[in-house]
Structures are given as C-alpha cells and as structure tokens.
Amino acid sequence: MQAWRLLSRSFLPPDQQKSLLAYTPMFHSKMFGEKSNYRDAHFQPLKSGAASPPDAYHVSQVEDGDRHLDGNPMFDRPLMVQFCSNDPDDFLRAAKHVAPFCDAVDLNLGCPQGIAKRGKYGAFLQEDQGLIARMISKLHKELEVPVTAKMRVLETKEKTLEYAKTILDAGASIITVHGRRREQKGHNTGLADWQMIRYLRESLPKDTVIFANGNILQHEDIAACLEATGADGVMSAEGNLYDPTIFAPPPPIGQEGHEYWRGRNGKGGYRVDAVMRRYMDIIHKHALGQQPPVRKPLWMPGDPEEPPKQEQTPSEEGEEEDGPPKKKQKRLSKAEQKKAKSSNPNLTAMQAHLFHMLRPLVSEHHNVRDALARSRTGDIDAFENVLVLVEQAVKQGIQAYESSPPTDAPEPLSSTENLDPYESSLATVARCKRPYWVCQPYVRPLPKEAIEKGSMTVSKKEKKRMEEEETKAVGLEVGGRVEGKDQSTGETLGKENLQASEKREEKGEGVVEEPREGVVCG
Ligand SMILES: Cc1cc2nc3c(=O)[nH]c(=O)nc-3n(C[C@H](O)[C@H](O)[C@H](O)COP(=O)(O)O)c2cc1C
C-alpha cells in the first residue's frame, strides 16, 4: 500500500528515492474494470470522485492538493500497477483506469494460490501462453504506458526461456522473474533458483530488462543477486514487508543516529520503534490528512531516566510543558475517521504490516501482540498505543543488552557457517538473526525441514523430485528458520495447531499474511 511504499522510500537518501520502483499489490482486472467500489478500496489516485477512466486533459489539470497518495508524482513514483487477468479486454479496461497515475502496468503471472487456480490466472496461465501473449500484446498496442510481466520459472531452462521469449515478443517492456516454480509455495517454498535467471540473462538479447525476484532477505542480498543473476534490478516482497528499510544501505559505523542500532558484533538494523514512528507519521499525514502528534525524541541509551508517566496518547493539546502553546492540531471528526477507515487501503493494511515488521518483538512481548491484535482498522489511537508499548519494549531490550557485560572473548566460530543453505536454514538464520528490537527478515524453513518437523507431508512424486533436486549443484545462500508459528499472532505452535493454522492460512481465516480475494499474491 502506498504508505508502506512511502515508508520504504523514506530510508533512502532523497536523490535515490526515485530509484526505488514500487509495485501496487495485485488487483483483479475484471473487478477493477467493472466495480468502482473495488477500485476505491484498492487504488485512490484522486480525492474528488472524478469519472474513471479519466481523460488525459483532466488529469493534467488536477492540482497537487486534489491528489491522494496513489501514484502521486510527489511521493509515489515510479509506480507499477499490477493486475491478474485472463482476458485481454478486461486487462485493458482495468489498465485504462490507472494508466494516467503510473509508469507501467504489470501482469502478474506468478500467483500460485488456489484462488488463482480456480480463477485461471497468475501462474495457472503457464499452460495457455497464447492467451498471455494476447493480453500483453493488447496493452502494448493500446495502452499509453508500457506493459510488463512477472513470471515464475518452469521445470527446465529451455521451457523457461521459451516462456520468457513469448512474453517479451508480445510486447512486455520488462520481465520480472521469480526464481521459483508454481508448486513452490507455503511450506514447499524453498529457495529461488538464481542460476535459472542467469541463464535467461545470457540467452535473451542484451537489451532485455530483467528483474530478479526471490531470496532477498537483507540489504546485502540485493548486490549478491545482481551479481549472481546479471539482472538489471531486484524485486523484494517479503523481505520488504518484514524490513521496510531493506533497500537502504546501513549507515557507516559511528553514524547510526537515533534510528539505527548496532550491536557489539557490528551487526544491526533500524530500530522497530523508529520505523513504526515514521510509519505512523505517514499514516497521520497522508492517510488521515492530519498532523502527526508531537513526539519526544526517540529514547537512546544514556538518556536520563524520566519519572513514570501515563501512557502517551496522540497529542491533542497542542501544548508542550515549556514554551508557548503550539498551534492546535487538526484532527478528523469521528464521522470523518469512520469514512476514511472504511475506504482507505492504507488503514486496512496497517495491522498486517505491523505484524510483519514486529514479528520478532511480539513473539517476546505478548502485550504488544495482544494490543495490536485488538487494534481495529482506522482506530489510530489504538495503533498509537501499540507504538507506546513498542517503544517501551525496545527500551527494555536495549537496556538489558547494555547492562550485560561485554565479553573480551572472540565470538565463537559459528558451527553453522559451512552448512549448505540448500540443506539447512541454520546458516541463514545465523546470518540474519538480530535482536527483536531491530527490523529483520523472516527466514522460511526449507521444505525438507518442514517435513522433518511434520508441518508438511509430500506425495511420493514430489519426494522423488526433491531427492533428484538435492543432487543438483546449487550456489545460492538463503534458507529458512525452522519455526512453527501462527502467522497472525506469532505464537509458537505445536504440530497440530500449526497444521490448523496452515489450514486457516489456506482458507484465509484470521491470518494477516493471507492476501484477500482479488489481492492474492504471486
Ligand atoms: C504476503 C505476500 C503477498 C504477495 N503479493 C504479491 C502480489 O500482489 N503480486 C506479486 O507479484 N507477488 C506477490 N507476492 C509474491 C512476491 O512478489 C514474490 O514473488 C515472492 O514472495 C518471492 O520474493 P521475496 O523473496 O522477495 O518475497 C506476495 C508474497 C507475499 C508473501
């Protein structure tokens, strides 16, 4: 959602923010083209209810103040709007609604979910490449902005290359290649195959623009992926959801400032309280159209202890203890908040975004987890209260860390260092794991680890295929932490509960990571 895109960009130096190309979530082209309420719930470029699709003249006359955040040239570009589709006319109709507000329209051919199978779109169009070509070709000829596509790899290099060529020959300006096959999802996600992307790079014409996707867990993986694949760019989805700062290089040692935390071993990350503050401020400003509360400077180790105070509420007083009274802040009325709440995609996404980012923190601080779980869409005060609790938890964690005496002994050599990341996720966990108060990726368990843990059962055919794959030479460096946790609550679950949780995930019940119908993932 746009607030998250803004947040992600905000960590880059201003002159680099435009180098971050963002994608909307996937929209269902038929629904998007036909239903204005579906459009309003997912993509809001203009404040006034102008007729859609808008004509170029009207868009050129729109004043900055009449724009929402979606596709806003000041904050939300470059932007790709992504659709799933299985009909050229539906695809074009949907694309026309967004073309004046984005830089390209992307066709998602990667979605592997059951809903995509039932609806015949996403990765389930791989068997109907003629239809894919017709859809892309239609937009290439009739849409005023470029069309691009995101594909998964197929079983062999040859088939993948043919598939990519079909997409490109039809007129796609960019292909994003997710280096996993369609069946690699859920516990069977495993690792993306960067070598397959490298093969495409070497086999396709040099001027083909390729984005690589998969295995990007930390900032350093971006360069590693570009190097290994030769791609022109890298797409990150989950890595960015768990750590919206992933695209920003870490600050140099000694220049951490208030927001970045570095441990004694030199490893660190942006503090989750700092990132949540930025996120909340963006929500106040851009989703609710009001001034964010005046906040005290972020707590730092060494700050003098303050006498305990009542929980902070969003500052309505507009006054500080010292100094002249500040201007009263504009806050929305209850009725206005309710309206914004039901229609604003940023507000509906807040809880899920925060559960992702705070995953390690909430698994230790259950009060935060419970407060977040209770926070209803649009109840900004409830989310502000979560922020207060997050700040307390971060302070507690850093204080405990600071008070544990530094040891002069060299760090023990990790027993996981030499593990093959395709065999075990432990090395990846060791590489990525940070204290709960900084943003960090979630490392998925490898399929074989999920099987060993009993979280996944496999058919004989699949087992054979996996055994064959194990013998393949591979050279990537990303894996998965073996965890059995409820995705929405972060709670550690036993096998039975985990399976129940996964069933709920499949059905999309009460699970924050599960994309909603019409906004399913690829
Ligand atoms: C919660 C979630 C939502 C996703 N939604 C989309 C989507 O709307 N469109 C899309 O192309 N891919 C979507 N994906 C897939 C990612 O784009 C990506 O292909 C995949 O997660 C692997 O890349 P990553 O390792 O960077 O996450 C989604 C993935 C997740 C986990």
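This is a predicted model: local features need pLDDT of at least 70, side-chain atom pairs count only at pLDDT 80 or more; totals for chains, interfaces and linings use all residues.
Pro250 touches His219, Tyr260 and Gly268, leaving aside residues up to four places away in sequence. Pro250 belongs to the loop that runs between helix H11 (238-242) and strand S8 (260-262). A further relation concerns Lys267: this residue is 17 residues from Pro250 along the chain, and the C-alpha atoms of the two are separated by 9.8 Å.

Strands of a sheet pair through backbone hydrogen bonds, in either a parallel or an antiparallel manner. Here 7 strands make up an open sheet with parallel pairing, and their order is S1-S2-S3-S4-S5-S6-S7. At its edges stand strand S1 (22-28) and strand S7 (233-235), each of which pairs on one side only. From one strand to the next, the twist averages 25°.

Within this sheet, strand S4 (residues 147-152) and strand S5 (residues 174-178) run parallel and are joined by 4 bridges. Ala149 stands opposite Ile175 in S5. Helix H8 (residues 157-169) packs on the sheet and touches both S4 and S5; the direction of H8 makes about 170° with that of S4. Helix H9 (residues 194-203) also packs on the sheet, where it touches S5 and strand S6 (209-213). The direction of H9 makes about 175° with that of S6.

Conventions. Residues are numbered from 1 along each chain as its sequence is written. Two strands pair if DSSP finds at least two bridges between them. Helices (H or I, at least four residues) and strands (E, at least two) are DSSP runs, numbered from the N terminus. Axes are lines fitted to C-alpha atoms, for helices over the stretch in contact, and angles run from 0 to 180 degrees between N-to-C directions. Two residues are in contact if their C-beta atoms, placed from the backbone, lie within 7 Å.
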